[in-house]
Amino acid sequence: MILISTFLKLILIPGFLWAHEITLIGKVPAQYLKRDFNHQKVQRDPSLSVLAVVIMEDRVIKEISDISRIDYRQVLQTLNQRESKVIELKNNSGGFDIIYPGLIDLHGHNKQNMLPTWTSAAGRFANRYEWRYKSQEYQKVQSQNMNPWSRNLLGEVAAYRWSELHAMVLGTTYLQGHKLYDLGFTIHSVEDPNAFISQRDRVRSVGDIIDPFKWSFLWNVLRPIMSELGCEHNYSCYKKSLSSFLKKNCTLTPLSRQQIENQISAKSIEAQVPEFVVEQVDHPLSIQWLLEAKDHLAKACPIKNTQEMTTFLSLSHGNLPHTEIVERNAYLDQQNASAIITHLSEGTSWDPMSWLEFKLLKLAGLARDGMNIIHGNALEKEDFQYMAQQNMGLVWSPYSNFLLYGESVDIETAIESGVLIALGSDWTPTGSKSVLEELKVASYYIDREGLKISDTDLYNMVTENPARIIKHFGYENPQERGIGTLEVGALASLIVVKEKNSHPHTNLVRFAQAQDINLVVIDGEPIYGNRRLMEEYDSQRESEVISGRLFQLTLENDRSSFPATFARDRLDELGLGVAEYAARIELGYSTQCQFEEDKILFKKQSVDYPLLLQESYMKTGLNLDTYEGITKFIGVALLSQNHNISFDGQSIVASDWALKEMPPLFSCEDHNYLEALSAMVNPQKQNTLSRMNKEREDNRIEAGLFTSITFSEDPLQRKINYSIPYELTVLYQFLPSLEQGISSEIFEPIIDIKVKPEWLKKY
């Protein structure tokens, strides 16, 4: 306990600007309270929460100390006398809510987060390339419901802000994923360098570094050279192998830098590789020359794998493997680098390509400190051990993995190997709305499988671990103020949660829901929470009630109410057209969540609010800096401005894939979503995961995800349909092509390549 005399000394420290101080009085997990009443370090029981004051000023936590119930009134009086803005976190029963670090979500695709769960994914896929490139249903439920309205600036802004809101109401304060014109709107993006007080370069989130259809040259051609050179698994070896390949297989020319620049400028590339490019394959001029030389490399380097080589070195559309490898390694070489986060090994554990991607990452020299993997489903014990040695992190998204692939990463082995694990929600089409809900899925799965993973382990996956993964944990020095903890000097982005269980970690992991998030504080300033607490902080601030307010119009019942979809082909008109109509809609109301009191959001104009949004507001009255404006715009756009809707000039016609209603912001209003979430791995009943795995083969056949041959008397008319796993094993020379060797019409369709064959194990 802190004595009154000690507390008075504390608040009289020179330099405290009390007019700017905000103090929260509530419970704090005891692990964050480092001192006793004499300010001596003590060992705290992490299973307890203790009454404490948390004082915030200038974005950071200035003080955190425990207090006794006996001294409570005197401490409160002293704080008020010193003009510290005090918020008492008392609940209706006379107890106190718990203060936690704000939750961190390291995996998000924010733009699509208003779409409902794609339940018919049914765990049927082998890897992420199957549903991206082979599933017509995915295109209908995702792309055709999003386009074209989401490609309009107003639509994009509304979509990204909606994603912020549904993360915020579930306690997330730092969200991975793109943001657009919303700096300072509500919560932070982990990629925003201004989200921290730091000298580090910004966090880089890369959807996919490895595109397996473009990386086979590294495996088939450069890997054997690395073996000959006697080196592997580092960037220097990669550069040596590429230089060796070019020197041995290409016609070279001794051009100067100026001559190379002249070639590029005049677009007069010759079928000869400059020696400078061979000697410095990672130089920007070399990369630029290779890009321009894409039509000449095959002549300059006449090898068997010319298409693979050109794809890897020169094709400029999408991610270019060589350029990607050079740029990502250059970033990680910086002393002030923070982190890269990328998808990798996303599929089933038996999918050869999902297993191979980590091998490719190592060959590229990118399996190193600062590189962090999302998913990693096919990784094995030796991979985890390598990751731990290299200080690489793993972002686990169990719900999305289960729904798409019927399994997830071997999380217990990853933890036992020493890998730092964070949790990620992914996106609403196949994931959850926030890491708070992802915690529930993870805990169900752990119980069902009997894994040795505690609630404290899970708690750390949304607080300390992700902060460490992106190298922004806690307080390092005055230039580095981070997140993920409650300590003096750390950033004051935190949440206040109702206490339902005495163990603070279990309380958050297993019990806390949207109704229980009573306050969200960003950089020391409350932005959202219960009306009493928000008004206790600032009763004069303009605010809006967001609990219970719903977009309730449906396309099925109100077809005549929606604007005509012809505007979708003119994106410059689409945004204003939707905004003008949406401004006239009244939001409905619902009380299904049973909030104890209103949840309110403070209104404010975001820092980078563009001129176009201001013009839209002036013309239509729709304000995309508010929950009301965002909800109205998305509701109208989602249900009317998409490719699952047609308009004949008089009436709207919706296909079976068109959305009938807009999913609500709060999960407690969406019973179908919550039921799907809880049923996935629920240990108490027959769960969805078990059913999907039993039906997996039938589901793959139904979706056409298998290798088959259509025979014909004319050999030239024979058609072979490769599944993506089979196609990639052929590309990487593990299996022969089926083009030759089929002499009869007896061919059993290949549904899965279920077990990694012996020829893979040697790698």
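So, where is alanine 122 placed? Alanine 122 lies in the loop between β6 (103-105) and α3 (128-133). Before I go on, remember that this is a predicted model.

Most residues other than glycine have a negative phi, and most peptide bonds are trans. Alanine 122 has a positive phi of about 55°, although it is not a glycine. And it's buried, with a relative accessible area of 11%, which sits under the 20% cut-off.

Then there's glutamine 594, another residue other than glycine with a positive phi, near 55°. You'll find glutamine 594 in the loop between β23 (588-589) and β24 (599-602). Buried or exposed, this one? Glutamine 594 is exposed, at 68% relative accessible area.

Next, a peptide bond. Going from asparagine 147 to proline 148, the bond is cis, and omega is near 5°. Proline 148 belongs to the loop between α4 (136-146) and α5 (153-168).

Two packed helices are described by the angle between their axes and the distance between the axes. Take helix α18 (residues 435-449) and helix α21 (residues 504-511): their axes come within 7 Å and cross at roughly 95°. That makes α18 roughly perpendicular to α21.

Who's touching whom? On the α18 side we have Leu436, Leu439, Lys440, Ser443 and Asp447, and they meet Leu508, Val509, Arg510 and Phe511 in α21. Sort the residues of that contact by type and you get 5 nonpolar, 1 polar and 3 charged.

That's my tour, so over to you.

Methods: Residues are numbered from 1 along each chain as its sequence is written. This is a predicted model: local features need pLDDT of at least 70, side-chain atom pairs count only at pLDDT 80 or more; totals for chains, interfaces and linings use all residues. Side-chain values use heavy atoms; hydrogens and water are left out. Axes are lines fitted to C-alpha atoms, for helices over the stretch in contact, and angles run from 0 to 180 degrees between N-to-C directions. Helices (H or I, at least four residues) and strands (E, at least two) are DSSP runs, numbered from the N terminus. Angles under 35 degrees count as roughly parallel, over 145 as roughly antiparallel, 65 to 115 as roughly perpendicular and the rest as oblique. Contact means heavy atoms within 4.5 Å. Ala, Val, Leu, Ile, Met, Phe, Trp, Tyr, Cys and Pro count as nonpolar, Asp, Glu, Lys and Arg as charged, and the others, Gly among them, as polar. Buried means under 20% relative accessible area, exposed over 50%, partly exposed in between (1.4 Å probe, protein chains only).
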